[in-house]
Amino acid sequence: MTTLNFDKLNGLLPAIIQDAATGKVLMLGFMNREALEVTRKTGLATFYSRTRRQIWTKGETSGNFLKVMEIIPDCDGDTLLVKVTPQGPVCHTGNDTCFNETNGNTLGFIDYLEDIIENRKQASADQSYTAKLLAAGTKRIAKKVGEEAVELALEAENGTDERLLDEAADLIYHTLVLLSSRNLKFSKVIETLRTRHTDSKVSNSEVEDFKRGEKQWGK
């Protein structure tokens, strides 16, 4: 375990606050030992105010608390990465983040779901639907993915947009469970898509070269 170094910045550690689901950096705060202890005890991000010289919990006035999911020190132990679930806008201006960014749903949420699925491997099958699927094995999960794909196709042809989105979400989630059953990450799917895209760009380039050659040589 990394030893925290509070001496480097006069008893404080910079705390980078990141949305655990989207991966967006929400704000930067500072924690002393007391603020860190309160954060761990309450599960709510708590900081040390350098201007007021006191600890404060984010959201104690606005109600927009930051529910802490994980605290990770850097390699030197002098900075913290705090992954949170925000309960509303983070910036005092009303913006989603202190960097004036929109904290919308992104592919980073896939990582969040994968962590949940991975944790369900340790859960009891009678307490979690995902754990029950994983316990049933890859063959059963694959069958479920097939069922969800058919339901998605049917909704695309005859259903509403709302139902289509519901079925698409079901298909993606069950696909993540299927990948997890084979100890694979969705990032591998992204790599495959990226490779195909790169290969496609090369192929298109070759076509353009061929067309230029036809014009140049009249063939």
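Residues are numbered from 1 along each chain as its sequence is written, and side-chain values use heavy atoms, with hydrogens and water left out. In this predicted model, local features need pLDDT of at least 70 and side-chain atom pairs count only at pLDDT 80 or more, whereas totals for chains, interfaces and linings use all residues. Helices (H or I, at least four residues) and strands (E, at least two) are DSSP runs, numbered from the N terminus.

- Four strands form an open sheet in the order 2-1-6-5, with mixed pairing; two strands pair if DSSP finds at least two bridges between them.
- Strand 2 (25–31) and strand 5 (66–73) are the edge strands, each with a single partner strand, so one side of each lacks a neighbour in the sheet.
- On average, neighbouring strands of this sheet are turned by 25 degrees against each other, direction ignored.

**Strand pairing**

- Strand 1 (residues 13–19) pairs with strand 2 in the antiparallel sense over 6 bridges, and Gln18 stands opposite Val25 in strand 2.
- Strand 1 also pairs with strand 6 (residues 80–86), in the parallel sense over 5 bridges.
- Strand 5 and strand 6 run antiparallel and are joined by 7 bridges.
- Val82 in strand 6 is the bridge partner of Ile17 and also of Ile71.
- The hairpin of strand 5 and strand 6 has 6 residues between the strands, and Gly77 takes a positive phi near 75 degrees there.

**Helix pair**

- The axes of helix 4 (residues 138–158) and helix 5 (residues 161–181) come within 9 Å and cross at roughly 160 degrees; axes are lines fitted to C-alpha atoms, for helices over the stretch in contact, and angles run from 0 to 180 degrees between N-to-C directions.
- Helix 4 and helix 5 are therefore roughly antiparallel to each other (an angle over 145 degrees).
- The contact (heavy atoms within 4.5 Å) includes Ile141, Val145 and Leu152 of helix 4 and Leu164, Leu171 and Leu178 of helix 5.
- By class, this contact of helix 4 with helix 5 has 11 nonpolar, 4 polar and 7 charged residues; Ala, Val, Leu, Ile, Met, Phe, Trp, Tyr, Cys and Pro count as nonpolar, Asp, Glu, Lys and Arg as charged, and the others, Gly among them, as polar.

**Glu167**

- Glu167 lies in helix 5 and is buried, with a relative accessible area of 4% (buried means under 20%, with a 1.4 Å probe and protein chains only).
- Not counting residues up to four places away in sequence, Glu167 touches Glu148, Glu151, Leu152 and Glu155.

How values were computed:
Parallel < 35°, antiparallel > 145°, perpendicular 65-115°, else oblique. Buried < 20%, exposed > 50% of the residue type's maximum accessible area, 1.4 Å probe, protein only.
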